[in-house]
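Could you walk me through this structure step by step? I have it open in a viewer and would like to know what to select next and what is there.

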Amino acid sequence: MRLSQILFSQGFGSRRECAALIGHGEVQWAGRTADDPDEEVATDGLVFNVQGRAWVYQAHALILMHKPAGYECSQKPRHHPSVMSLLPPPLRRRGVQPVGRLDEDTTGLLLFTDDGALIHRLTSPKHHVPKVYEIEVKHPLDDDQIARLLGGVVLDDDPTPVRAAAVQRRTSFTLSLTLTEGKYHQVKRMLAAVGNRVEKLHRSTFGALTLPPDLAPGGWCWVSADEARALGGA
Ligand code: URA
């Protein structure tokens, strides 16, 4: 693929802006500064550098963020900044979107991609992708609450019960809960339905992916091809 086309596909601006970046000596690959926008470059495993930052060529972007509290997942946030503001401009420009949503006060693993089919696959209730939430609650947990979360509770907008695929009580006030669907405020509403209240909510895993322990809130990283395959993304 032509180098200027590669930059264009990866979100570095219009074709003209991408050619200008190369013309101004701001793009390096294979250890040298590029000067020809029309140079043919193999994209397989390509790592290139733009204005001092390294990028890996990805036909489709798939990234994992440690969502901090205080950010909305909406593209048009109302009360808090959007999680999109935590991403660098090339990723925003190539149209990545959050895969599902986390509430403003929820922290943890949030995926982004520009692959619409993958978003559909990962968020469709038909595919039962498990997500694990770490929860702190207001009132002590009892056996009845755990049994009802596993057995199924009815939420206010649908008579069909929703159930947790797994529940692990960690302490009297903390538990982890695995869900394979993603209804609006589902964890908070399920805990409310059994007479408790969520005080803190953190998503630790999404499908086969776990939040890397060294990824600080607000940070992001690429999902590797192997991880993407495990997720059903390749
Ligand atoms: N369930 C909720 O209630 N909130 C989230 O952010 C995610 C799952």
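Start by selecting Thr106 together with the ligand: a polar side-chain atom of Thr106 sits 2.8 Å from one of the ligand's oxygen atoms. Keep in mind as you go that this is a predicted model.

Next, pick His185. Here the backbone takes part, with an N or O atom of His185 lying 3.2 Å from an oxygen atom of the ligand. Then move on to Val187, where a backbone N or O atom is 3.1 Å from a nitrogen atom of the ligand. Now show the ligand's surface: on its own the ligand would expose 240 Å², and the protein buries 95% of that.

Which residues surround the ligand? Select Leu102, Asp103, Thr106, Tyr133, His185, Gln186, Val187, Lys188 and Leu201 to see them.

Finally, zoom out and colour the protein by domain. Domain 1 covers 3–56, domain 2 is made of 62–125 + 208–231, and domain 3 spans 130–206. Look back at the ligand with these colours on: domain 2 and domain 3 each supply at least three residues to the shell around the ligand. For a last stop, compare the positions of domain 1 and domain 3, whose C-alpha centres are 47 Å apart.

Methods:
Residues are numbered from 1 along each chain as its sequence is written. This is a predicted model: local features need pLDDT of at least 70, side-chain atom pairs count only at pLDDT 80 or more; totals for chains, interfaces and linings use all residues. Side-chain values use heavy atoms; hydrogens and water are left out. A residue is near a molecule or strand if one of its heavy atoms lies within 4 Å of it. A polar contact is a pair of N or O atoms within 3.5 Å; within protein, one must be able to donate a hydrogen and the other to accept it, and residues adjacent in sequence count only if both atoms are side-chain atoms. Accessible areas come from the Shrake-Rupley method with a 1.4 Å probe; for residues, only the protein chains shown count as cover. Domain bounds come from an automatic or database domain assignment.
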